[in-house]
Amino acid sequence: MAQPLATPTDGPRRHPAWGALEIDRAQTAHLHLRDLFGADPARGTRFRVSGAGLELDYAKQRVTDHTLVKLVALAEQSGLAERRASMFAGERINVSEDRAVLHVALRLPRTAHLVVDGTDVVAEIHTVLARMSAFADAVRSGAWRGSTGKPIRTVINIGIGGSDLGPVMADAALRPFAQPGLGCRFVSNVDGDAILDAIQGLDPAETLVIVSSKTFTTRETMTNAHAARAWLVDGLGDEAAIARHVVAVSTNQEAIQAFGIAPENMFGFWDWVGGRYSMDSAIGLATMITIGPEQFAELLAGFHAMDDHFLRAPLAENLPVIMGLLAVWNRNFLGAHTTAVLPYSQHLHRFPAYLQQLTMESNGKHVTASGQRVDYDTGAIYWGEPGTNGQHSFYQLLHQGTTIVPVDLIGFLQPTTPIGDHNEFLLANLVAQAQALAFGRSASDVRAGGIPEHLVPHKLMDGNRPSSVILADALTPRTLGALVALYEHSVFVQSVIWGVDAFDQWGVELGKQLATTIMAQITSPKPPELAHDSSTNALIERIRAARADRR
């Protein structure tokens, strides 16, 4: 028989505010958002906070003033301010890997100083940024040319996880700021179709490949990198051409030289930069090339503005703190298993996928930082699509399904490129969806429309579905930086409340390790001895048979 879980001594249940919130949930469970707005006409203007160019309207979350006070108390009792200070100071808060967590240093201004283990990391960061800027300018201006003398027209970024998701998302989000005539393609999946699609129609003489792998050993990345290398050599007819067509974001100089990349074309980063927090490091080289160093600096400035707000704003007026606490409330007290992020911007269509790694790799943990098994829910499942597309697919479940899904709706007051009334129509849909989720449609409202009685249950919508609206003036590099940092710090707030280490990711290791063994068995020239379970053994044999047929 399974043993009951012991209550962790470092989990949130030990705090008085947690018990107070459980009481609050019981006392307010009967309240509908209609009741909350009816009792407080000013709720829509009071439950609002701004910072770093973003505005958060959380009036349609199922919280009262008393709930918010207790949530802030939970943050205080969890030591959020102290943990936040430790992160910004470069202390080793990634306990399972004994590392500092310093993505916030990546966007510090040149004049700042942060000494960690005797080294001013800000000076090192700006040295790398300067090298990136010089290289990006050379590619953009045509001063950097391929081996045949042609300028670069296409950049292919090869990476996976954090080395791909951030640059992919930023490339789509900031497309209006990209240099005309300079395209960027991305390869992450080890499926051969991915690299074949990326090189389709390209001239090797006009192509630059960025291989992003800290160790230069990541299996998926290096498999694709070698395929790209072979394509370049085949098209250019010279191994030496690699030096003009491939650069690396890595720290393994010996491996990149063996690959044929010149050491001066290696752009490094540090072990205190986690992959999912790395899009503003050298991992963002493809982004810098496409939008230019000046706009990349604006991206960093947006990150830093939100960092500063998170560090200095009072907890009750702090965007990441409020968002993080609402996520805890929805997860642990309202029982929400998922959160939908719905950007009303086509250029943010990859933002939900980016957030999946940021949130689920960070807080998808079953033990606390000290290794004790949790007896409460941690990270929610994040998902989403851009509006208005989602309105014609999964919004049906959001409005009438039996599962409550909290929603973040993201909108921009000004279009990047005006065209008719498109942006006004887009924002009208955003506002309407938040209103419909909150207030629904009662039976009396349905009947008032003259609907036949047998259709009333079908057209009824309960409402009381929590949502937040995040608004900004426009989607610019600065805004994108602030938006990403908002979610980074919200994830951190949640991790502090739950007592988990948000900066390791041991859960990704097991499958990769098993895949190495299984790959050797699949490709073995002789029938291997299989000692797996019967299902795994049968799958391996089936794949081996298909491989033999192909040959």
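Colleague: What should I know about the model before we start?
Modeller: It is a predicted model, in which local features need pLDDT of at least 70 and side-chain atom pairs count only at pLDDT 80 or more, while totals for chains, interfaces and linings use all residues. Residues are numbered from 1 along each chain as its sequence is written, and side-chain values use heavy atoms, with hydrogens and water left out.

Colleague: And how are helices and strands assigned?
Modeller: They are DSSP runs numbered from the N terminus, helices being H or I with at least four residues and strands E with at least two.

Colleague: Helices, then. How do H14 and H20 cross?
Modeller: The axes of H14 and helix H20 (residues 477–498) come within 8 Å and cross at roughly 50°. Axes here are lines fitted to C-alpha atoms, for helices over the stretch in contact, and angles run from 0 to 180 degrees between N-to-C directions. H14 and H20 are therefore oblique to each other. As for the cut-offs, under 35 degrees is roughly parallel, over 145 roughly antiparallel, 65 to 115 roughly perpendicular, and the rest oblique.

Colleague: Left-handed or right-handed, that crossing of H14 and H20?
Modeller: The H14 and H20 crossing is right-handed. Right-handed means that the near helix is turned clockwise from the far one by less than a right angle, left-handed that it is turned anticlockwise.

Colleague: Which residues in H14 and H20 meet?
Modeller: On the H14 side they include Leu319, Met323, Val328 and Arg331, and on the H20 side Leu486, Tyr487, Val493 and Trp498 are among them. Contact means heavy atoms within 4.5 Å. By class, the residues of the H14 and H20 contact divide into twelve nonpolar, five polar and one charged. Nonpolar covers Ala, Val, Leu, Ile, Met, Phe, Trp, Tyr, Cys and Pro; charged covers Asp, Glu, Lys and Arg; the others, Gly among them, are polar.

Colleague: What about H1 and H14?
Modeller: Helix H1 (residues 16–28) and helix H14 (residues 319–333) have axes that come within 11 Å and cross at roughly 65°. H1 and H14 are therefore roughly perpendicular, and their crossing is right-handed. H1 contributes Trp18, Leu21, Glu22, Asp24 and Arg25 to the contact, and H14 contributes Val328, Trp329, Asn332 and Phe333. Those residues divide into five nonpolar, one polar and three charged.

Colleague: At what angle do H5 and H13 pack?
Modeller: About 140°, with the axes of H5 and helix H13 (residues 293–312) 10 Å apart. That makes H5 oblique to H13. Arg84, Met87 and Phe88 in H5 meet Asp307, Phe310 and Leu311 in H13. The count for that contact is four nonpolar, no polar and two charged residues.

Colleague: Where is Ser78, and is it buried or exposed?
Modeller: Ser78 is in the loop between helix H4 (65–77) and helix H5 (80–88). At 12% relative accessibility, Ser78 counts as buried. Buried is under 20% relative accessible area, exposed over 50%, and partly exposed in between, for a 1.4 Å probe and protein chains only.

Colleague: What does Ser78 touch?
Modeller: Leaving aside neighbours within four places in sequence, Ser78 is in contact with His15, Val496 and Ile497. The Ser78 side chain also reaches the backbone oxygen of Leu74 at 2.7 Å.

Colleague: Switching to the backbone. Where is the cis peptide bond?
Modeller: It joins Gly387 and Thr388, with omega about 10°. Thr388 lies in the loop between strand S11 (381–383) and H16.

Colleague: Which residues other than glycine have a positive phi?
Modeller: Ala52 is one of them, with phi near 55°; Phe216 is another, with phi near 60°. Ala52 is in the loop between strand S1 (48–51) and strand S2 (54–57), and counts as partly exposed at 28%. Phe216 is in the loop between strand S7 (207–212) and helix H9 (219–236), and is buried with a relative accessible area of 5%.

Colleague: Last one, H16. What about His399 and Leu397 there?
Modeller: His399 is in helix H16 (residues 395–400) and is buried at 12%. Leu397 is also found in helix H16, and counts as partly exposed at 43%. Not counting residues up to four places away in sequence, His399 touches Gln433, Ala436, Leu437, Met461 and Arg465. With that same exclusion, Leu397 touches Thr403, Val405 and Arg465.

Note on methods. A polar contact is a pair of N or O atoms within 3.5 Å; within protein, one must be able to donate a hydrogen and the other to accept it, and residues adjacent in sequence count only if both atoms are side-chain atoms.
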